[in-house]
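Here is a short briefing to read alongside the model. Please keep the viewer open as you go through the points.

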Amino acid sequence: MDKRIAEAALQGDVIKLRQIVEEDPLILDKITVSCIDETPLHTAALLGHLSFVKDLLTRKPELAAESDSRGCSPLHLAAAKGHADVVKELLLVNGEVGFDRNLDGRTALHVAAIKGREGVLAELLRLAPGLTRVLTDRGESGLHLCVKWNRVEAVKLLAEEMRKDGDDDDRSLNWKDFDGNTALHIAVVKKHFEIIKYLLQLKEVEVNALNKNNLTAMDLLGQSPRHIRDLEIEHVLLKAGASPAKDLHLITDERVQENARQTTRRLASQQSRAVKPRKPTDWLGRKRSALMVVASLIATVAFQAGLTPPGGVWQDDYTVDENGEAVSNPHSAGHSVMAYQEPRAYGLFMIFNTIAFLASLSIILLIVSGLPLKQRRWMWLQMVIMWVAITAQVITYFLTLRNMSPGDVEGTLRQVTEISVLTWLTLIIVVFIGNTIRVNLWVLRKYGCIKAKERDSEATRDDQEDDFE
């Protein structure tokens, strides 16, 4: 665009415009045929220079239909800025431009509705009343946009215009967008209390209209985020006769049947859980983790005890005396002192330490092997192996303690050892007897030899079955 005419449009200088046109009568024709981002009319309409706009339209009315890079006509810009007099002039020259949509799919009325330009809306509705039927790409009317952006006065203006032709379905206050939402739906979701009150006063507004999800305005109020005005909104909705969709009996029979089937399945599932409470699904996982930790600890202790037996190891070789003659009690560096001094006790120590070491390693191998050992029966087998490992480790401890203690405390140590071993064996026997009884009861119930008492529910029996399966 010529720099001089651009400056004249910015200033709204009509005299300068006339001078430029006198110097180059074809300058406006060049603008219409050139590929420029915007015309002088766009600039003048945006800034509200009415006289400049009138002079331009008188000389070249075709400029009213030109669009900028965003698809906006001068009418879009004037409507967005609220220049009602410029909007009037543009529509008088070319009324069809009011139906042009920009790249966002909006007409000048949609832009004015978003901005809340009541004066512009009044001129648009007076000169081009058919604009109320034009929708955006999302199926939104001007009323939808006014409600969405909380333009109260604009809502009233558009609503009154729509009420003039209430018998025409295309100009109804209950238009639905692509989601099936009416203006009332949107107002409730957005919590625009003043708009809600106004819409509910209009007899043409359907209070219980359903959207595509078969939800009424009352349903949307319950599902939307909480707001300080929810109680007020609920009060005015109830006063206007609003109801949830489930109370309207408007949903199709197919949907009712589907809801009934879902309810039946949910109740059956709840009853099943109530009659047959299950153990936590991660019971096996917790047991396996605990066994892995304990087995690793026992293997570490047993390995360390094997390398450093009680009394330690000889630090030097002693096979001949200073004269080169063989000695009566030879030994070599690195050999266990206990093996030379107490060979019988050392043999028992190594046997039980080896049992503890191999038993714990067996548990670790079973857990990490990847074999299908996830049933509870295999878990009990691993726990029995763990009992063996722990028992062998206890015996190893007392053997070490007795070998490392001096002779003058042997009597006291013997008493402590006997009491500890007796207590440990008693605990093992109690656990063994308890699990034996449990297995026997499960077998007898499974084959019907005995009947479960009334307080022994089906859930308890099933849990016992799971424990041994």
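Arg 229 counts as partly exposed because its relative accessibility is 27%, where partly exposed is the range between buried (under 20% relative accessible area) and exposed (over 50%), with a 1.4 Å probe and protein chains only. Its salt-bridge partner is Glu 232, with 3.0 Å between the closest N and O atoms; a salt bridge here is a side-chain nitrogen of Lys or Arg within 4 Å of a carboxyl oxygen of Asp or Glu. Glu 232 is partly exposed too, at a relative accessible area of 35%.

This is a predicted model, so local features need pLDDT of at least 70 and side-chain atom pairs count only at pLDDT 80 or more, while totals for chains, interfaces and linings use all residues. Residues are numbered from 1 along each chain as its sequence is written, and side-chain values use heavy atoms, leaving out hydrogens and water.

**Salt bridges**

- By the rule above, the count comes to 18 salt bridges.
- Asp 230 pairs with Lys 191, the closest N and O atoms being 3.0 Å apart. This pair links distant parts of the chain, with Asp 230 in helix H15 (residues 230-239) and Lys 191 in the loop between helix H12 (183-190) and H13, 39 residues apart. Helices are DSSP runs (H or I, at least four residues), numbered from the N terminus, and strands are runs of E with at least two.
- Both Asp 230 and Lys 191 are buried.
- Glu 23 and Arg 4 also meet through their side chains in a salt bridge, at 2.6 Å from N to O. Glu 23 belongs to helix H2 and Arg 4 to helix H1, so the pair ties together parts that are 19 residues apart in sequence.
- Glu 23 counts as exposed because its relative accessibility is 56%, whereas Arg 4, at 35%, counts as partly exposed.
- A network of salt bridges links Arg 18, Asp 55 and Arg 59.

**The loop at Gly 12**

- Gly 12 sits in the loop between helix H1 (3-11) and helix H2 (14-23), and counts as partly exposed at 21% relative accessibility.
- Leaving aside neighbours within four places in sequence, Gly 12 is in contact (heavy atoms within 4.5 Å) with His 49 and Phe 52.
- From C-alpha to C-alpha, Gly 12 and Ser 51 are 7.5 Å apart, though 39 residues separate them in sequence.

- Residues 70-102 are 55% helix and 0% strand, with end C-alpha atoms 6 Å apart.
- Residues 104-126 are 74% helix and 0% strand, and their end C-alpha atoms lie 24 Å apart.

**Nonpolar cores**

- A nonpolar core is a set of buried Ala, Val, Leu, Ile, Met, Phe, Trp, Tyr and Cys residues joined through side-chain atoms within 4.5 Å. The largest has 71 residues, of which Leu 90 and Leu 199 touch the most other members.
- Helix H13 (residues 193-201) gives this core its largest share, 6 residues.
- Beyond its neighbours within four places in sequence, Leu 199 is in contact with Val 155, Ala 183, Leu 184, Ala 187 and Val 205.
- Another core, of 14 residues, lies apart from it, and includes Ala 295, Ile 298, Ala 356 and Ile 367.
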